[in-house]
Amino acid sequence: AIKYSSFIAMVTKYTGILVVFFTFFFKQLVLKLRWKTLAFVTPISYLLLFSPVFIIVLLDSLDFLNTSGNVYYIISYVGAFQFSIFHSLKCMIFDTVKEMAILKINKKNRAQAKELIDIIGFRFGKAFGSWLIIILFSIFHTMELRAIYPYIFLSILLICGLWIFSTFLLAKRYEKIYTPYQ
């Protein structure tokens, strides 16, 4: 329990450091890039950052890696690194892009849009992830996470693909209706 707490404290510390670093670094990008470009940063980075963990697990489960049981140690640190970077990007890019889009909506509909995104979208996303894991465990009659990793990876690829596609459609509509943010 102490090692786990130390590990989580380390991840939290580095996440905070990265958020501060990215605040200064991405501030210039947010001011220079168009909304469409910024909107694609989050789903593409998610796809690129989380793929290595699943690839490591898949290679290990197929016995392509000779890790002699240390694969979970590797995954823990790679996953912590990915979590820190992605959480930092989420705070700096995703939240900013979301707020930029909401600001363009008239005041009457702005509160409803914010509720829809922040409350329903956030809760649905978390619930969907949990239900996906439960359904996969039920379908494959296992409680071993390693057995369903390929299906989780395929689900993430599908969701990221849909995310990128919907971002493309929203960006097209956003830039058609409003002048690009620069």
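Q: At which residue does α1 bend, and by about how many degrees?
A: In this predicted model, α1 bends by about 35 degrees at F26. The figure is the angle between axes fitted to the seven residues ending there and the seven starting there.

Q: Which residues of α1 are buried?
A: They are F7, V11, T15, L18, F22, F26 and V30.

Q: How do you know that the span of helix α3 agrees with its number of residues?
A: Helix α3 covers residues 71-103, which makes 33 residues; at 1.5 Å a residue these should span 48 Å, and the end C-alpha atoms are 45 Å apart, which agrees.

Q: Where does α3 bend?
A: The bend in α3 is at K90 and amounts to about 40 degrees.

Q: Why is T42 called buried?
A: The term applies under 20% relative accessible area. T42 has a value of 3%, so T42 is buried. T42 lies in helix α2, residues 35-61. Setting aside residues up to four places away in sequence, T42 touches F86, I93, F94 and W163.

Q: What makes the count of disulfides zero?
A: A disulfide requires two cysteine sulfur atoms within 2.5 Å. The sulfur of C91 has its closest cysteine sulfur in C160, 18 Å away, which is too far for a bond. For C160 the closest cysteine sulfur is in C91, again at 18 Å and too far for a bond. The count therefore comes to zero.

Q: Which residues have the most contacts inside the largest nonpolar core?
A: They are W35 and I93, in a core of 18 residues. Each of α1, α2, α3 and α5 supplies at least two residues of this core. α3 gives the most, with seven residues. Another core, of 15 residues, lies apart from it and includes V57, I148, Y149 and C160.

How values were computed
Residues are numbered from 1 along each chain as its sequence is written. This is a predicted model: local features need pLDDT of at least 70, side-chain atom pairs count only at pLDDT 80 or more; totals for chains, interfaces and linings use all residues. Side-chain values use heavy atoms; hydrogens and water are left out. Helices (H or I, at least four residues) and strands (E, at least two) are DSSP runs, numbered from the N terminus. Buried means under 20% relative accessible area, exposed over 50%, partly exposed in between (1.4 Å probe, protein chains only). Contact means heavy atoms within 4.5 Å. The expected span of a helix is 1.5 Å times one less than its number of residues. A nonpolar core is a set of buried Ala, Val, Leu, Ile, Met, Phe, Trp, Tyr and Cys residues joined through side-chain atoms within 4.5 Å.
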